[in-house]
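Let's take a walk through a protein model together. Have the sequence and the 3D view ready, and look up each residue as we reach it.

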Amino acid sequence: MERTTRQKTAIQAAIESAQRPLSAQEILEQASLQVTQLGIATVYRNLKSLVLEEKVHVVTLPGENPRYESNAVANHHHHHFQCTTCQRVFDVHDCPGDLKRMAPQGFVVERHELTLYGRCADCNAAAGASVAGTAPHACASHHDPA
């Protein structure tokens, strides 16, 4: 049986309170507010344990380091949004629905993952752009079903 330490508790609390997937570095920064002198190796060791205990889920985005979110969130079908400015990742709890029609004839879709990319509200406000003034993405090919 795995023992619960102050470090592990702080790491899990950081993930659960974030309301979005966090990188190991973001977890370190948040958990360090509760447990001083917490190191990145301790964070990774505890993340591995939390994943094995199925309390934390790994979120993988192409070309990115893994991020971690609470299994309470991960157990509900959702997608992600990554800010192209600050690189933070956020949960998107809406789904475009049945994507089976997009598969080639005779193929069977078993699952799907969708990641949206753009600026988060904080970065958009800092850039001085309004969400309404942002040009919509034009889907130029069938390979980019935005």
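A search of the whole structure finds six salt bridges. A salt bridge here is a side-chain nitrogen of Lys or Arg within 4 Å of a carboxyl oxygen of Asp or Glu. In general, side chains of opposite charge can pair when their charged atoms come close. Before we visit some of them, note that this is a predicted model, in which local features need pLDDT of at least 70, side-chain atom pairs count only at pLDDT 80 or more, and totals for chains, interfaces and linings use all residues. Residues are numbered from 1 along each chain as its sequence is written, and side-chain values use heavy atoms, leaving out hydrogens and water.

Start with Glu53 and Lys8, whose side chains meet in a salt bridge at 2.5 Å, N to O. This pair links distant parts of the chain, 45 residues apart: Glu53 is in the loop between H3 and S2, while Lys8 is in helix H1. (Helices, H or I with at least four residues, and strands, E with at least two, are DSSP runs numbered from the N terminus.) Are these two partners buried or exposed? Buried means under 20% relative accessible area, exposed means over 50%, and partly exposed is in between, using a 1.4 Å probe and protein chains only. Lys8 counts as buried because its relative accessibility is 4%, and Glu53, at 28%, counts as partly exposed.

Next, find Arg20, which forms a salt bridge with Glu26, the closest N and O atoms being 2.9 Å apart. Arg20 counts as buried at 13% relative accessibility, and Glu26 counts as buried at 17%. The charged end of Arg20 also sits over the ring of Phe90, 5.3 Å from its centre. For this, NZ of Lys or CZ of Arg must be within 6 Å of the ring centre and within 35 degrees of the ring normal.

For a contrast, look at Glu113 and Arg111, which meet in a salt bridge at 2.4 Å, N to O. Here Glu113 counts as exposed at 58% relative accessibility, and Arg111 counts as exposed at 63%. Elsewhere, salt bridges that share partners join Lys8, Glu53 and Lys55 into one network.

Now turn to the nonpolar residues. A nonpolar core is a set of buried Ala, Val, Leu, Ile, Met, Phe, Trp, Tyr and Cys residues joined through side-chain atoms within 4.5 Å. The largest one has 16 residues, of which Ile11, Ile15, Ile27, Val43 and Leu47 touch the most other members. Helices H1 (6-18), H2 (24-31) and H3 (40-52) each supply at least two residues of this core. Another core, of five residues, lies apart from it and includes Phe81 and Val92.

The strands come next. S1 and S3 (residues 67-70) pair in the antiparallel sense over two bridges, with Ser23 opposite Arg67 in S3. S2 and S3 pair in the antiparallel sense too, over four bridges, and there His57 stands opposite Glu69 in S3. Two strands pair if DSSP finds at least two bridges between them.

Finally, check two loops. Most residues other than glycine have a negative phi. Gln19, in the loop between H1 and strand S1 (22-23), has a positive phi near 65 degrees. Glu54, in the loop between H3 and strand S2 (56-59), has a positive phi near 60 degrees. Gln19 is exposed, with a relative accessible area of 64%, and Glu54 is exposed at 60%.
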